[in-house]
Amino acid sequence: MSHDNLSQYPQHSQHPAFPDAFSTDAYHYVPPRDDLRDVDDRFVFDFRSYDDLEDGQRWSTWLSVEPLCRGPEPLPDWVVTSQGAIDTELGILKTGKEADVHLVERADPLDPATGVVMAAKRYRSPEHRNFHRAASYTEGRSMKRSRDERAIKRKSTFGRQVAAGEWAVSEWGALVRLWNLGLPVPYPVQIDGTEILMEWISVVDEDGTVQTAPRLAQTRPSPELLASYFEQLTDALATMVQNGVVHGDLSAYNILAAGERLVVIDLPQIVDLVGNLNGMSFLERDCANICGWFRSRGLKVDEHALFAELMAHAF
């Protein structure tokens, strides 16, 4: 269109009319910082700044792991899910042949009252770990990828790396499964690689100090409490065999005495009662270990009678 033809379109030959108060200056009016009357509430948020992390700290990994790597619903009230939470290393709690257990505090610096101390079980690197009789425990287990299974059998470098994660995943799965069954195990908070964060089982001393619950082997319970402990374990074992699983390495050293209740720990070697050819043998050994300890404390129990009772629950 030529300039000569513009006269035919009067709307193009005139400037639009603006109100007298209109200003083309973008900075003509700047409202005070706290004047949010004209701002949509959907665009208003509370900004809070956090200090830099110190040595031995990391940002919470809760939101960085997959949903299936977090604990089962409903979450206990003490689980910290804040995106601004910080994990602080408090020290090592226990060392073992396959894994070390550390204490980790997870807390939001701007809301420290909601902080919680958890146990962080970290499986050792392939170069520094070796599960005793690992093959007998893993018999009957299947892996998602045949390539991983072949690598483990060849004991290659890649296979050892896969195995390191396999045991962590095995314990995580056992904790989730047994927790959902209502069994006395620590609540599994999350798994990230070869690290499992779980509930710290603790007791309060007479002076009010919070301490890690002692192992059953370290306790000297009264006759009444001893009988209660054995009944708790019998009920737990019965529930496990009813669901087709066996602890596989149960003893007074991997059971915690949290006051009047017992909590079963160390579950990476959990085996299928039927799918594993050694399932029955592992169950018999668990019964023998438990009954032997209770007899040494004065309770008259028999491992054969316990095994027979559990078999009645299993089939």
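**Close-up views of a predicted model**

Four of the five residues of strand β5 (residues 188–192) are buried, so β5 is largely enclosed by the rest of the structure. Buried means under 20% relative accessible area, exposed over 50% and partly exposed in between, with a 1.4 Å probe and protein chains only. This is a predicted model, in which local features need pLDDT of at least 70 and side-chain atom pairs count only at pLDDT 80 or more, while totals for chains, interfaces and linings use all residues. Residues are numbered from 1 along each chain as its sequence is written, and side-chain values use heavy atoms, with hydrogens and water left out.

**View 1. The hairpin of β5 and β6 has two residues between its strands.** Strand β5 pairs with strand β6 (residues 195–199) in the antiparallel sense over four bridges. Two strands pair if DSSP finds at least two bridges between them. Strands (E, at least two residues) and helices (H or I, at least four) are DSSP runs, numbered from the N terminus. Gln190 stands opposite Leu197 in β6. In this hairpin, Gly193 takes a positive phi near 70°.

**View 2. Strand β10 (residues 255–258) is covered on both faces.** Ile255 and Ala257 are buried on one side, and Leu256 and Ala258 are buried on the other. An antiparallel pairing over four bridges joins β10 to strand β11 (residues 261–264). Ala258 stands opposite Arg261 in β11. Two residues lie between the strands of this hairpin, where Gly259 has a positive phi near 70°.

**View 3. The largest nonpolar core holds 52 residues.** A nonpolar core is a set of buried Ala, Val, Leu, Ile, Met, Phe, Trp, Tyr and Cys residues joined through side-chain atoms within 4.5 Å. Leu178, Leu216, Phe230, Leu283, Phe294 and Leu310 touch the most other members. Helix α4 (residues 223–242) gives the largest share of this core, nine residues. Apart from this core lies another, of eleven residues, among them Val104, Met118, Tyr187 and Val189.

**View 4. Leu283 touches residues including Val241 and Val246.** Leaving out residues up to four places away in sequence, Leu283 also touches Leu273, Phe307, Leu310 and Met311. Contact means heavy atoms within 4.5 Å.

**View 5. The structure holds zero disulfides.** A disulfide is a pair of cysteine sulfur atoms within 2.5 Å. Cys287 is buried, with a relative accessible area of 0%, whereas Cys69 is partly exposed, at 24%.
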